[in-house]
Amino acid sequence: MRRVLIALLALGLNAAVSAATVAKVDVPDTANVAGIDLALNGAGLRTKYFIKIYVGALYVGQKSNDPDAIMAQSGPDRVLMHMIYAVSKQDFSDAWSGDFAANNPDSNDALKDRIAQFIAYFGDSKKDDIITIDYVPGQGTQISWNGSFRGNIPGEDFHKAFLKVFLGPKPPTSSLKDGMLGKS
């Protein structure tokens, strides 16, 4: 009985450290953006041709599994990408360009210059790189790579288009979208 209690206690302590483990990547249960604590909404795996590319996690002020409710939130949020597989700058560029266009057909042309600026902040990645994309109301969408700030894209309209890449009708993978929405 004592061993069972110790095992349960150990499991409880591990659960406090991370809210989820996806593809052997521990995902923190909270994030702080602009001084505001955010909760992990969910995390999922981005794959391509059965290759595990990255774990994507979404942090929000109010958890929801409804993409429209998340898009309607006005506070800060974070998308975290924990790279599992090395991705080239060109592959990032191709993927971002295609995903923005597929999920934002009505606004893609108007956002073209800011999308290009966003893509320019992405270089070659390696395993275990951590990319964070934080939205700070009034400032914009801020990209950091392994804790080093890369740049800021202004505009709430850009940020909503960015979220649609993951939560829109044509996400990189449905399992990534479902994971980020806390459905899996």
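Strand S4 (36-48), strand S5 (51-60), H3 and H5 each put at least two residues into the lining of the largest pocket. This is a predicted model, with local features needing pLDDT of at least 70, side-chain atom pairs counting only at pLDDT 80 or more, and totals for chains, interfaces and linings using all residues. Residues are numbered from 1 along each chain as its sequence is written, and side-chain values use heavy atoms, leaving out hydrogens and water. Helices (H or I, at least four residues) and strands (E, at least two) are DSSP runs numbered from the N terminus.

**The pocket**

- The largest pocket has a volume of about 390 Å³ (the space filled by probe spheres set on grid points, which are joined across faces, edges and corners).
- A pocket here is an open set of points on a 1 Å grid over the protein atoms alone, where a 1.4 Å probe fits, with protein on both sides within 12 Å along at least five of seven lines; lining residues have an atom within 4 Å of a point.
- Of its 19 lining residues, Arg 46, Lys 48, Val 87, Asp 91 and Ala 95 are the closest to the centre.
- H3 gives the most to that lining, six residues.
- By class, the lining has 14 nonpolar, no polar and five charged residues (Ala, Val, Leu, Ile, Met, Phe, Trp, Tyr, Cys and Pro are nonpolar, Asp, Glu, Lys and Arg charged, and the others, Gly among them, polar).

**H3 against H5**

- Helix H3 (residues 89-103) packs on helix H5 (residues 156-167) at about 100°, axes 8 Å apart (axes are lines fitted to C-alpha atoms, for helices over the stretch in contact, and angles run from 0 to 180 degrees between N-to-C directions).
- That makes H3 roughly perpendicular to H5 (65 to 115 degrees; under 35 is roughly parallel, over 145 roughly antiparallel, the rest oblique).
- In contact (heavy atoms within 4.5 Å) are Trp 96, Asp 99, Phe 100 and Asn 103 of H3 with Phe 158, Ala 161, Phe 162, Lys 164, Val 165 and Phe 166 of H5.
- Those residues split into seven nonpolar, one polar and two charged.

**H4 and its partners**

- H3 and H4 pack at about 150°, axes 10 Å apart.
- That makes H3 roughly antiparallel to H4.
- H3 brings Lys 89, Ser 93, Trp 96, Ser 97 and Phe 100 to this contact, and H4 brings Ile 115, Phe 118, Ile 119 and Ala 120.
- Helix H4 (residues 112-120) meets H5 at about 65°, axes 11 Å apart.
- Arg 114, Ile 115 and Phe 118 of H4 touch Asp 157, Phe 158 and Phe 162 of H5.
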